Amino acid sequence: APAVPVGVSPEVANALYAIYAQFLARTAATAATAPERPVEASPADGFSFPQLDSMMALGTSSALVAALERWQSFESHVDAAWQQAQPAGPSMPAPPLNRIPLIREAVADTIVNPTDRITMDVIALLFDYIFRDPSIPESLRTTFARLQVPIAKAALLDRSFFSNKKHPARRLLDHLAAAAIGAGNDDAYRGSFEAIAAKVVDEVAEHFRIDVDVFESADAKLQPFVESEQQQTATALTSDVADALAAEQREADRSAVRVLLRDKLAGLDLPFEVRSFTETIWGDYLTTVRIEHGAGSEVWASALHTLDDLLWSITAKERTGHKAKLTRMIPSLIRALRVGCTTLKAGGERVQSFFEALYKLHIAALRPEALDPDSTAANDVTAGPPLPVANLHDFVNEMVVGTWLAFHRDDGTVNARLFWISPLRTKYIFTSRARARAFAFTPEELAYEIGAGKASLVVEPVPLFDRAVSAALDTLAAQRPPAAAAA
């Protein structure tokens with residue numbers, strides 16, 4: 001009997017192997033009673049040639065591919081067979097979604113090539129990633145499960161599978177995954193996607209033997225659905241895009257302020273509250289001043305000076321003279337910042353959290369020893385929302401169309417795709433699959449949403465296969481013995 005894979009209960013594995021054995025027995029019985037297929041003569045020359053099994057061209061992999069082909073046929077009946085095999089009483093847990101480890105053990109005697117063994121292991125890791133990828137709704141993962149054996153066969157048949165981004169099997173897998181993102185927020189879309197996805201997956205599972213053109217044909221059936229959804233989204237957002245373009249053309253002063261702030265803040269590792277306040281509220285104030293007084297006015301110069309003082313004030317001060325200067329500066333700095341907020345009539349949680357954080361930062365700047373991570377004061381100073389990993393604002397500025405974010409609102413979470421970025425990158429527009437919700441943000445507003453936990457990354461527009469391969473390689477690297485890794 002095949003060994004039991006890690007993570008699979010012996011009961012589940014043995015039951016599935018037993019069902020498969022019954023399936024093979026029925027298949028063999030059917031084949032034995034089928035009429036023998038006559039050998040046909042070639043009409044071109046009149047000579048008769050025996051029909052050659054295409055599997056013979058696969059060399060040492062032929063037995064493995066033939067065994068997988070039997071499993072591929074079995075997989076289409078496994079759910080019904082599993083239900084029929086359940087013993088009386090409490091039901092046994094269903095087979096795991098990732099059945100490649102089970103199948104690998106069952107066909108172990110046909111794996112004679114070390115490369116084939118590695119290929120099966122990597123495919124198992126790929127699907128392990130797919131079945132836990134949060135961008136694929138859980139209700140749709142069974143659709144991908146039926147592609148396990150065809151994908152394994154495709155990888156064994158063509159060694160370029162892992163390196164060729166245009167491989168038909170990879171493209172189908174990537175396109176299905178991309179179309180599945182966000183389906184959980186829209187019942188109508190999910191129902192339509194499930195129908196077309198089941199159709200194309202059934203086609204592959206039923207017809208794929210060794211010709212990968214089957215994947216190409218299935219993908220061609222999926223594309224009209226994908227293109228139709230994209231066209232509907234473009235139509236629904238026409239007015240939103242037009243409004244954003246018009247606003248960008250009107251807001252030449254705001255664009256100039258945004259460029260100025262980016263230059264001033266480039267390379268600075270600022271606390272989230274300070275950077276958010278600077279690029280949103282103080283950016284709005286600078287824009288107002290520029291429009292009303294001009295870039296050469298004293299009010300403009302004073303607003304820029306306040307910004308420079310703010311950035312200087314939050315750095316640690318070792319010298320006594322610097323500490324004295326900061327002590328004298330703080331009252332006028334706070335007053336100038338509050339004047340800007342009052343001018344904009346800005347208040348609420350964002351302004352309050354900024355001034356609370358600024359107070360703690362000033363205390364830390366005057367007492368650098370408070371930055372000792374072992375001290376209670378340091379823990380108090382850094383309290384509040386955790387700082388984003390790397391540079392959150394740079395991440396937003398470099399964000400590309402196709403990125404999916406989850407927006408957390410009082411009425412629930414909505415997954416939305418970045419559909420459009422204005423030419424000067426002053427406005428980002430996101431939309432859900434249902435197109436019932438559109439979210440428009442400036443880059444600074446979006447950075448605040450993410451930093452404040454009101455939005456989170458679902459997935460960047462990286463093909464599913466590339467993400468899965470990266471995760472598989474990380475897993476394999478972690479499994480290497482220390483000596484092998486050092487070598």
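Colleague: Which residue of β3 is the bridge partner of I421?

Modeller: Y428 is. Bear in mind that this is a predicted model: local features need pLDDT of at least 70, side-chain atom pairs count only at pLDDT 80 or more, and totals for chains, interfaces and linings use all residues. Residues are numbered from 1 along each chain as its sequence is written, and side-chain values use heavy atoms, with hydrogens and water left out.

Colleague: How do you know that strand β2 and β3 pair, and in which sense?

Modeller: Two strands pair if DSSP finds at least two bridges between them. β2 (residues 412-421) and β3 have four bridges, in the antiparallel sense. Therefore they meet the cut-off. Besides the I421 bridge to Y428, W420 is partnered by I429 and L418 by F430.

Colleague: What stands opposite F430 in β4?

Modeller: F439 does. β3 and β4 (residues 438-441) pair in the antiparallel sense over four bridges. They also form a hairpin with six residues between them, and R435 in the turn has a positive phi of about 60°.

Colleague: How many bridges join β1 and β2?

Modeller: There are six, again antiparallel. H408 stands opposite T413 in β2. The hairpin from β1 to β2 runs through two residues.

Colleague: Why are β4 and β5 said to stand at the edges?

Modeller: The sheet is open, with the order β4-β3-β2-β1-β5 and antiparallel pairing. β4 and β5 (455-459) each have a single partner strand, so one side of each is left without a neighbour in the sheet. Neighbouring strands are turned by 35° against each other on average, direction ignored. Helix α20 lies across β1, β3, β4 and β5, at about 115° to β4.

Colleague: What is the relation of α13 to α20 called, and why?

Modeller: Helix α13 (residues 272-279) and helix α20 (residues 443-451) cross at roughly 155°, and their axes come within 9 Å. Axes are lines fitted to C-alpha atoms, for helices over the stretch in contact, and angles run from 0 to 180 degrees between N-to-C directions. Over 145 degrees counts as roughly antiparallel, under 35 as roughly parallel, 65 to 115 as roughly perpendicular and the rest as oblique. So α13 is roughly antiparallel to α20.

Colleague: Which residues make that contact?

Modeller: F272, S276 and E279 of α13 meet E444, A447, Y448 and G451 of α20. Contact means heavy atoms within 4.5 Å. The residues divide into three nonpolar, two polar and two charged. Ala, Val, Leu, Ile, Met, Phe, Trp, Tyr, Cys and Pro count as nonpolar, Asp, Glu, Lys and Arg as charged, and the others, Gly among them, as polar.

Colleague: What is the relation of α8 to α21 called, and why?

Modeller: Helix α8 (residues 168-180) and helix α21 (residues 464-479) pack at about 100°, with axes 8 Å apart. That angle falls in the perpendicular range, so the pair is roughly perpendicular. R170, L173, D174 and A177 of α8 touch L464, F465 and D466 of α21. Four of these residues are nonpolar, none polar and three charged.

Colleague: What does R104 count as, and why?

Modeller: R104 has 18% relative accessibility, so R104 counts as buried. R104 lies in helix α4 (residues 100-106). Leaving aside neighbours within four places in sequence, R104 is in contact with I111, R117, M120 and D121.

Colleague: And what does G347 count as?

Modeller: G347 has 48% relative accessibility, so G347 counts as partly exposed. G347 sits in the loop between α16 (320-344) and α17 (348-366).

Methods. Buried < 20%, exposed > 50% of the residue type's maximum accessible area, 1.4 Å probe, protein only.
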